[in-house]
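This report looks at charge pairs, a helix and a surface patch. The sequence and structure come next.

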Amino acid sequence: MSEGRKYALVGGVAAVIVVLDQLTKLWVDSTFRLYQTMHVFSWLNLTYVRNTGAAFSLFADQPATFRIPFFLVVALVAGAALVFYVRQTPPTQRGTLFACG
């Protein structure tokens, strides 16, 4: 695999994940009522909730003037770290590159 294909793999996986995430959110928003739960499997339920924070409502009680810049900086740092890691990863490590997407 060439260097270019390495980035195409990572970008392609990331794009698929983002599209599926947004389609799922659109589907839930258009079909569920707030707090409605749907049983999917014996080990998985989907519940429609709103979360203005991060995982487990981290910083949800903080004003948007704090949350938005904070999460923007965190996302930029994480993205830069991921790009650095992908650049260091040999093209032969497809599984690692796939996971980075």
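## A pair within one helix

K6 and E3 sit 3 residues apart in helix α1, so about one helical turn separates them. The model is predicted. An α-helix has 3.6 residues a turn, so residues three or four places apart point the same way. The side chains of K6 and E3 meet in a salt bridge, with N to O at 3.1 Å.

The two partners sit in unlike surroundings by their accessibility values. K6 has 0% relative accessibility, so K6 counts as buried. E3 counts as partly exposed because its relative accessibility is 40%. The cut-off for buried is under 20% relative accessible area.

## The other salt bridges

How many salt bridges does the structure hold? The count is 3. Side chains of opposite charge can pair when their charged atoms come close.

D21 pairs with K25, and the closest N and O atoms are 3.1 Å apart. Both residues lie in helix α1, 4 residues apart, or about one turn of the helix. D21 is partly exposed because its relative accessibility is 34%. K25 is also partly exposed, at a relative accessible area of 48%.

D29 and R50 make a salt bridge too, at 3.3 Å from N to O. D29 belongs to helix α1 and R50 to the loop between β2 and α2, so this pair ties together parts 21 residues apart in sequence. D29 has a relative accessible area of 43%, which means partly exposed. R50 reaches 62%, so R50 is exposed.

## Helix α1

Helix α1 runs over residues 3-31, which is 29 residues.

Which residues of α1 are buried? They are K6, V10, V13 and V28. These buried residues pack against α2 (64-88) and α3 (94-100).

## A buried arginine without a salt bridge

R67 lies in helix α2. R67 is buried, yet R67 has no salt bridge. What is the nearest side chain of opposite charge? That side chain is D61, at 7.3 Å.

Neighbours within four places in sequence are set aside for the contact list of R67. R67 is then in contact with T52, G53, F59, A60 and Q62.

## The nonpolar patch

Seven names make up one nonpolar patch on the surface: W27, M38, V40, F41, W43, L44 and L46. Together they have about 650 Å² of accessible area. The elements that give two or more residues to the patch are β1 (37-41) and β2 (44-47). Strand β1 supplies the largest share, 3 residues.

L46 is found in strand β2. Is L46 buried or partly exposed? L46 has 30% relative accessibility, so L46 counts as partly exposed.

Note on methods:
Residues are numbered from 1 along each chain as its sequence is written. This is a predicted model: local features need pLDDT of at least 70, side-chain atom pairs count only at pLDDT 80 or more; totals for chains, interfaces and linings use all residues. Side-chain values use heavy atoms; hydrogens and water are left out. Patches are made of residues with over 30% relative accessible area and no salt bridge: like charges are joined within 9 Å, nonpolar side chains (Val, Leu, Ile, Met, Phe, Trp, Tyr) within 5 Å. Accessible areas come from the Shrake-Rupley method with a 1.4 Å probe; for residues, only the protein chains shown count as cover. A salt bridge is a side-chain nitrogen of Lys or Arg within 4 Å of a carboxyl oxygen of Asp or Glu. Buried means under 20% relative accessible area, exposed over 50%, partly exposed in between (1.4 Å probe, protein chains only). The expected span of a helix is 1.5 Å times one less than its number of residues. Contact means heavy atoms within 4.5 Å. Lys and Arg count as positive and Asp and Glu as negative; His and the chain ends are not counted.
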